[in-house]
Amino acid sequence: MLAATSWAARLRSGLARTRAALGGGLGALFGGAAVDEPLYEELEAALLTADCGVEATRTLLARLRERARRERIVEPPALKRALREELRLLLAPLEKPLDLTRDRPLVIMIAGVNGSGKTTSIGKLAKWLQGQGRSVLLAAGDTFRAAAREQLVAWGERNGVAVIAQKGGDAAAVVFDAAAAARARGIDVLIADTAGRLPTQLHLMEEIRKVKRVLGKALPGAPHEILLVLDANTGQNGLAQVRAFDEALGLTGLVLTKLDGTARGGVVCAIARERPVPLLFIGVGEGIDDLRPFDAAEFAGALVD
Amino acid sequence: MNYNVGHDFSLSPVLDNLTARLARIVKTIRGEARLTEANIQDALREVRVALLEADVALPVVRDFIAAVKDKALGAEVVGSLTPGQALIGVVHRELARLMGEANVALDLATQPPAVILMAGLQGSGKTTTTGKLARLLLAQKKKVLLVSCDVYRPAAIEQLAAVAAQAGVDVFASAAGEAPLDIARRALEHARTRYYDVLLVDTAGRLAIDEAMMQEIAALHGALRPVETLFVVDAMQGQDAVNVARIFGERLPLTGVVLTKLDGDARGGAALSVRHVTGKPIKFAGTGEKLDALEPFHPERMASRVLGMGDIVSLVEEAHKKVDLEEAQRVAEKIRKGKGFDLEDFKQQLQQMQKMGGMASMLDKLPAQLAGQINPAQLQDDRQLRRTAGVINAMTPQERAHPELIKASRKRRIAAGAGVPVQEVNRLLHQFEQMQKMMKMMKGGNMARMMRNLKGVLPGMR
Ligand SMILES: Nc1nc2c(ncn2[C@@H]2O[C@H](COP(=O)(O)OP(=O)(O)OP(=O)(O)O)[C@@H](O)[C@H]2O)c(=O)[nH]1
Ligand SMILES: Nc1nc2c(ncn2[C@@H]2O[C@H](COP(=O)(O)OP(=O)(O)OP(=O)(O)O)[C@@H](O)[C@H]2O)c(=O)[nH]1
Ligand SMILES: [Mg+2]
Ligand SMILES: [Mg+2]
């Protein structure tokens with residue numbers, strides 16, 4: 001609970017900075033006297049500027065109006081609470097803890113577009129898993145980008161965990177080796193990094209499918225988790241990313257990074273509507289401890305703070 | 001590349017909506033004499049939604065709509081355009097204007113070494129773009145030095161060193177234990193004494209609200225006095241682009257913007273947001289991970305991409321110029337009725353396509369969804385069009401009006417007459433049938449389905 005509070009506090013203080021930077025926020029808005037059209041318009045603007053998207057925003061506002069009628073809401077602060085509640089209801093299905101009680105080694109494969117925060121999230125996840133008493137091994141499956149391997153190796157060192165890497169070679173070969181090593185060493189969790197790729201690069205989408213297949217050959221049942229790492233700065237393309245990677249790989253979860261900035265990651269509202277893949281973790285900084293399990297209520301509160 | 005988003009994923013519902021929406025704008029207003037406050041209201045709402053779905057930031061959308069409204073209600077509805085087409089014209093022109101009139105190149109006119117400072121959020125593509133620029137400048141016979149002031153991200157310095165090696169330029173050694181400002185000063189001194197023409201300075205990714213980091217980059221700017229300070233933005237960025245760009249613009253005297261990851265399928269509305277708040281030109285587009293994937297930015301193409309409809313405006317305008325209006329109206333009437341579209345009409349259409357500059361030039365103007373389906377390699381272009389017209393010419397008027405009459409023996413005769421194999425005749429009949437189906441759909445107003453069904457109708461379409 002302590003961790004949750006500090007994350008909430010942190011997010012709030014982050015948003016406070018945002019508000020200072022942007023000059024007033026929704027807080028000022030709810031100081032008004034009545035629940036009227038301008039208030040709804042402001043709420044609509046708040047959702048849109050948080051990247052919720054046009055469709056999700058419409059749905060949310062329709063539900064809010066319905067609730068306001070039903071519950072006879074006349075005070076602006078009560079309307080704000082109601083909006084948070086609607087957001088929480090929308091996002092609650094995404095809340096799901098990572099299940100660590102399955103096979104050993106449990107294999108987690110990481111995927112995502114370029115620069116979304118995959119390698120960094122692996123570094124944080126390794127720390128989190130060790131905190132849960134699990135042993136961890138990392139696989140440097142990005143054999144393409146300059147110094148990607150060195151970057152993961154650095155995260156391995158910070159965590160005191162081994163990294164399986166090859167000079168050159170292809171991603172499939174690296175993860176195959178890593179899976180064998182994880183089994184031989186009796187490791188609890190293997191996390192495989194992959195190179196960033198845009199879904200438009202069809203040959204790269206084919207390549208990552210191969211990485212998945214090879215993991216399955218090396219260890220029956222693997223990969224147990226396939227997580228898409230999504231940058232909270234992403235606009236509506238985030239939904240397209242979830243669709244494309246889900247179709248190519250069958251996603252089991254999402255990680256939403258860079259929530260410590262001014263972006264609010266509202267695209268998860270659109271995702272919750274259209275492709276509800278569980279959101280397992282959020283990234284709130286570049287440090288090793290800056291990873292939190294997703295909490296729908298907290299997130300809803302921060303979205304329209 | 002043209003910026004049209006081209007691959008299977010472009011047929012997502014959202015994108016279909018964009019095209020359909022804008023098509024609807026034309027439809028709703030068609031037939032009315034001029035634009036009024038009332039009849040553009042709905043159309044503008046559609047434009048607003050289209051821009052929001054393309055990730056243009058809300059305040060920018062608001063300003064934009066106000067500007068379009070202003071112009072549309074003015075005297076700009078001219079010539080033979082319908083009011084709806086005129087409105088799309090205004091939208092497109094205004095978008096292109098906002099995006100910047102023309103490409104603006106790097107300006108390195110200064111006492112060497114000319115310093116280029118890179119800035120932006122985490123993961124936006126600064127280090128990769130640094131390598132790309134180095135490669136470009138090397139090709140212009142410049143002596144180039146790179147330096148990394150990113151002492152934070154693990155292996156950031158190694159990454160820049162690797163990128164420099166790929167580009168074939170020198171890199172000034174730095175280490176994670178050093179202060180960025182010291183590194184920058186020493187690199188500048190080194191560049192001076194070794195007569196480098198250009199010094200490219202990579203920096204760590206930073207949040208606009210990270211005060212210490214923003215002070216750091218302002219200090220770097222002060223020490224380096226760069227001629228170019230480039231803000232690197234991810235084309236996938238959403239609404240927050242306005243806030244980030246505004247703060248970076250306030251803290252640093254930016255000279256230009258680089259928009260990365262345009263090889264993806266994001267509409268790239270962030271480009272508009274960033275332009276709007278910084279007022280700085282977008283100088284380059286990143287279109288891939290490799291070092292040669294950097295192109296001069298073309299504002300006009302980007303405007304089309306954001307709208308998601310290709311340069312349909314100029315297509316409309318050109319069509320009006322070149323195509324016999326009466327003929328076009330005759331075909332339009334047939335389309336409206338959804339029947340009576342025969343092979344004669346099909347031939348006319350092909351000929352009009354030729355008048356409009358042939359397939360290759362049309363390709364550039366097609367909506368994104370459509371252009372993406374066309375494989376240029378397979379495009380046989382105008383020769384194919386002429387052959388098709390030749391086959392139709394070999395038919396009797398009766399056959400042209402009633403293609404269903406054309407069975408095996410007639411096919412053989414037509415093929416012989418046109419000097420083509422029978423398969424060619426079969427293909428044409430198939431294309432015609434598809435086209436006819438499409439016309440019916442167009443009548444139903446279903447643009448999205450029409451687009452999908454265009455596959456295989458035009459030569460070279462996947
Ligand atoms: N502020 C902030 N920065 C983050 C967060 N997560 C990652 N980053 C930064 O984002 C940048 C990119 O992170 P990486 O982990 O290299 O991203 P990646 O997806 O592995 O990138 P590629 O392998 O190149 O596709 C780095 O500068 C990270 O420090 C986060 O939660 N908050
Ligand atoms: N597809 C594509 N990928 C790109 C493009 N530009 C950069 N990338 C990729 O995006 C990821 C991040 O690029 P970097 O150059 O490391 O980004 P950065 O801004 O230096 O990141 P930090 O230093 O962590 O802030 C890498 O995987 C790059 O290969 C582009 O135009 N297209
Ligand atoms: Mg990585
Ligand atoms: Mg970098």
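**View 1. Domain 1 (2-94) and domain 2 (106-295) of chain A, as the domain assignment gives them.** The bounds come from an automatic or database domain assignment. This is a predicted model, in which local features need pLDDT of at least 70 and side-chain atom pairs count only at pLDDT 80 or more, while totals for chains, interfaces and linings use all residues. Residues are numbered from 1 along each chain as its sequence is written, and chains are lettered from A and ligands numbered from 1 in the order in which they are written. The contact between the two domains takes 20 residues from domain 1 of chain A and 21 residues from domain 2 of chain A, two residues being in contact if their C-beta atoms, placed from the backbone, lie within 7 Å. On the domain 1 side of chain A, α1 (2-22), α4 (54-70) and α5 (76-91) each supply at least two residues, and α1(A) gives the most, with eight residues. Helices (H or I, at least four residues) and strands (E, at least two) are DSSP runs, numbered from the N terminus. Sorted by class, this side of domain 1 has 13 nonpolar, four polar and three charged residues, where Ala, Val, Leu, Ile, Met, Phe, Trp, Tyr, Cys and Pro count as nonpolar, Asp, Glu, Lys and Arg as charged, and the others, Gly among them, as polar.

**View 2. The contact between chains A and B, to which chain B gives 39 residues and chain A gives 38 residues.** In chain B, the elements that give two or more residues to the side touching chain A are α2 (37-53), α6 (156-167) and α9 (241-251). The largest share of that side, four residues, comes from α6(B). By class, the side of chain B that touches chain A holds 17 nonpolar, 13 polar and nine charged residues.

**View 3. Ligand 1, which lies between chains A and B.** Of the 28 residues around ligand 1, those that come nearest are A:G117, A:T120, A:G196, A:G283 and B:Q122; a residue is near a molecule or strand if its C-beta atom, placed from the backbone, lies within 6 Å of it. Helix α6 (residues 118-131) of chain A gives the most to the shell around ligand 1, with three residues. The shell around ligand 1 is made up of five nonpolar, 15 polar and eight charged residues.

**View 4. Ligand 2, which lies between chains A and B.** A:N114, A:G115, B:G125, B:G205 and B:G286 come nearest among the 27 residues around ligand 2. Helix α5 (residues 126-139) of chain B supplies the largest share of the shell around ligand 2, three residues. This shell has five nonpolar, 15 polar and seven charged residues.

**View 5. Helix α3 (residues 58-72) of chain B.** With 15 residues at 1.5 Å a residue, α3(B) should span 21 Å, and its end C-alpha atoms are 21 Å apart, which agrees; the expected span is 1.5 Å times one less than the number of residues. Its buried residues are B:V60, B:V61, B:F64, B:V68 and B:A72. Seen down the axis of α3(B), these buried residues fall within an arc of 95°, so they line one face of the helix, the arc being that of the directions from the helix axis to the C-beta atoms. On the other side of α3(B), B:A66 and B:D70 are exposed. A residue is buried if 20 or more other C-beta atoms lie within 10 Å of its own, exposed if 12 or fewer, and partly exposed in between, with C-beta atoms placed from the backbone. An α-helix has 3.6 residues a turn, so residues three or four places apart point the same way.

**View 6. Helix α7 (residues 180-193) of chain B and its packing.** In α7(B), the buried residues are B:P180, B:I183, B:A184, B:A187, B:L188 and B:A191. These residues cover an arc of only 130° around the axis, which puts them on the same side of α7(B). The buried residues of α7(B) pack against β1 (114-120), β2 (144-148), β3 (170-172), β4 (198-202) and α8 of chain B, whereas B:E189 and B:T193, on the other side of α7(B), are exposed. Just after α7(B), B:Y195 takes a positive phi of about 60°.

**View 7. B:V227, in the loop between α8 (211-224) and β5 (228-234) of chain B.** B:V227 counts as partly exposed because it has 18 C-beta neighbours inside 10 Å. Leaving aside residues up to four places away in sequence, B:V227 touches B:D107, B:L108, B:T110, B:A114 and B:V115. B:V227 and B:D240 are 13 residues apart in sequence and, C-alpha to C-alpha, 27 Å apart in space.
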